[in-house]
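Here are my comments on the helix packing in this model. Please read them with the structure open.

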Amino acid sequence: MERSMLSILAHHKSKSTVEKAAAIILKGCAIVSIIAVLSITAYMFISGTPALFKVGLTDILFGQVWAPTATHPEYGILYIILTSILGVFLAIGIAVPIGLLTAINLSEIASKRVRKVVKSAIELLAGIPSVVYGLLGILIINPLMYQLELFIFKDSLTHQFTGGSNLISAILVLAIMILPTLINISETALKTVPDDYRKSSLALGASQIQTIFKVVLPAAKNGIMSAIVLGVGRAIGEAMAILLVAGNSVNIPLPFHSVRFLTTAIVTEMSYASGLHREVLFTIGLILFIFIICINLVLTYILTRGDQHE
Amino acid sequence: MKKLGTLLLACVLSLSLVGCGNSETNQGESTKANVSGKVVLEGSTSMEKLMNALKEAIREDYPELSLEPQFTGSGSGIKAVASGKVDIGNSSRALTDEEKAQGIEENVVALDGIAMITEKSNTVKNLTKQQLADIYTGKIKNWKEVGGADQKIVVVGREAASGTRGAFEEILDIKDKCQYANELNETGAVVAKVQETKGAIGYVSLDIVEDSKDKVNTLQLDGITASESTILDGSYQLQRPFVMATKGKIEEQSEQVQAVFNFINSEKGQAVIKQVKLIIPQK
């Protein structure tokens with residue numbers, strides 16, 4: 001049986017063939033992903049740049065009017081970019097404290113049983129499709145926001161009512177969506193902190209909370225930073241959930257305004273867009289792509305800096 | 001080789017039809033299959049869905065005939081057909097008298113209707129065209145201004161490139177002046193949002209109204225209910241024709257163009273029009 005099989009235990013000749021073949025297959029697989037990245041990058045730049053020249057870089061990036069189908073079309077995406085940046089950072093602002101404290105609880109304080117329950121809940125949270133978050137946003141967050149909106153702007157004559165589809169709803173949904181990423185990665189980071197640190201700190205007379213915040217957290221700083229950066233990456237690329245809750249009108253990103261993100265700008269109009277309008281949507285894709293690249297560069301920087309420290 | 005195949009197919013067809021004794025159908029089949037070539041169309045972006053559906057379906061009857069639609073806008077479509085650049089000019093509005101004077105024939109192939117929907121508890125049942133335009137341009141912000149309860153209006157619409165939005169803004173003459181609080185990219189999403197939100201108003205294509213009458217109210221416009229019959233007799237205003245304009249009468253057109261219109265008027269063609277949620281005009 002063994003002899004007939006192609007195995008590393010066989011003769012020298014067939015063994016070296018297997019070795020070579022395996023090496024080629026492994027290299028091939030590695031090349032596939034490189035080709036994918038390169039072709040996506042090339043494609044984004046090829047299809048995204050023509051509109052930049054046709055419309056003008058400043059007109060696109062700093063224009064405030066988005067009217068792609070008007071008789072005199074305008075393709076300003078300043079508000080869209082601002083919405084994406086502001087929305088993502090506020091979502092991170094909400095999610096980081098919650099996520100970090102949860103991670104600390106899981107890795108330092110919680111008993112085994114609590115840990116098991118919380119951990120499986122978080123895994124479930126990570127597995128929920130984003131469109132379901134959007135639906136929950138429509139059913140729960142939007143009506144609440146609408147009540148709040150009616151209350152705050154009761155006497156306003158100028159406010160445009162959105163029915164709860166506004167920036168806050170989008171931020172809340174995003175914050176919940178990036179929680180699992182934040183918790184999982186920061187927990188792993190906290191876990192990799194050597195136990196000696198904790199023991200030494202406790203032995204020196206520090207309390208457990210002092211140990212966590214003065215010793216363990218600083219030691220896991222890099223891991224936590226990369227968790228945050230990955231969270232930003234996930235939030236900025238999210239489209240489906242916020243498409244359902246953000247209202248999708250292009251407005252200045254204020255809390256109770258209906259807003260449009262970079263991702264939703266592409267999703268909403270792609271199906272019917274044609275000509276220059278379509279090209280501008282590709283340009284938005286390119287801008288999003290550049291954002292993601294920057295985030296990844298920051299991440300790589302953080303991780304390599306971490307290596308140098310150790 | 002292809003011709004031989006067609007011939008063979010025709011033979012088989014005629015053989016199979018011998019039993020029926022219907023020689024007329026038989027002849028029709030063979031002439032249909034014989035029309036080959038291409039028809040170039042240009043015009044309305046709103047008619048993209050209809051054109052693409054036709055393009056697909058026409059292959060069943062005329063396998064050799066290909067439609068080549070371009071979507072540039074109603075005005076340029078009519079200009080193109082007037083100059084003879086294309087065979088058919090698509091327009092999602094009625095032709096002007098000037099255009100007709102150039103010898104352009106207005107062939108209405110379908111009608112597109114839009115219904116206005118509101119949240120179930122809304123007491124306003126009727127709006128005038130002007131009130132509707134004012135609501136969408138942001139001049140009217142509260143339902144009490146149009147005879148309803150003291151309830152803020154939430155304006156729901158479709159994304160910029162949507163055909164329904166284009167039609168709605170064009171008919172009310174408020175193109176690019178609308179202030180939307182929600183721009184959704186699906187009819188279903190508009191219905192859902194209006195259903196969920198007190199004080200919301202939205203527009204949807206007419207075909208959806210029947211299915212969603214338990215969820216939302218349908219508004220009357222100038223006292224006329226939106227329905228297929230009020231659209232056909234022209235009394236309901238939120239409608240527009242889909243015109244496939246030709247230079248001169250259809251009978252004067254090339255064999256290929258005639259084949260296109262024959263297909264549209266056939267049972268299959270009418271089914272295509274219904275399938276893309278349009279109303280078949282009365283002949």
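1. In this predicted model, helix α3 of chain A (residues 78–109) passes α6(A) in a right-handed crossing. The axes of α3(A) and α6(A) come within 6 Å and cross at roughly 35°. By residue class, the contact of α3(A) with α6(A) divides into 21 nonpolar, five polar and three charged residues.

2. Helix α6 of chain A (residues 167–191) also meets helix α5 of chain A (residues 130–152), with axes that come within 10 Å and cross at roughly 140°. Because angles over 145 degrees are needed to count as roughly antiparallel, α5(A) is classed as oblique to α6(A). The crossing of α5(A) with α6(A) is right-handed.

3. Which residues make the contact of α5(A) with α6(A)? On the α5(A) side they are Ser130(A), Tyr133(A), Gly134(A), Gly137(A), Ile141(A), Asn142(A) and Met145(A). On the α6(A) side they are Ile168(A), Ser169(A), Leu172(A), Val173(A), Ile176(A) and Met177(A). This contact has eight nonpolar residues, five polar ones and no charged ones.

4. Helix α4 of chain A (residues 112–127) has 16 residues. From the first C-alpha to the last, α4(A) reaches 22 Å, close to the 22 Å expected at 1.5 Å a residue.

5. Is α4(A) largely in the open or largely buried? Of its 16 residues, one is buried, so α4(A) lies largely in the open. A residue counts as buried here if 20 or more other C-beta atoms lie within 10 Å of its own.

How values were computed: Residues are numbered from 1 along each chain as its sequence is written. Chains are lettered from A and ligands numbered from 1 in the order in which they are written. This is a predicted model: local features need pLDDT of at least 70, side-chain atom pairs count only at pLDDT 80 or more; totals for chains, interfaces and linings use all residues. Axes are lines fitted to C-alpha atoms, for helices over the stretch in contact, and angles run from 0 to 180 degrees between N-to-C directions. Helices (H or I, at least four residues) and strands (E, at least two) are DSSP runs, numbered from the N terminus. Angles under 35 degrees count as roughly parallel, over 145 as roughly antiparallel, 65 to 115 as roughly perpendicular and the rest as oblique. A crossing is left-handed if the near helix is turned anticlockwise from the far one by less than a right angle, and right-handed if clockwise. Two residues are in contact if their C-beta atoms, placed from the backbone, lie within 7 Å. Ala, Val, Leu, Ile, Met, Phe, Trp, Tyr, Cys and Pro count as nonpolar, Asp, Glu, Lys and Arg as charged, and the others, Gly among them, as polar. The expected span of a helix is 1.5 Å times one less than its number of residues. A residue is buried if 20 or more other C-beta atoms lie within 10 Å of its own, exposed if 12 or fewer, and partly exposed in between; C-beta atoms are placed from the backbone.
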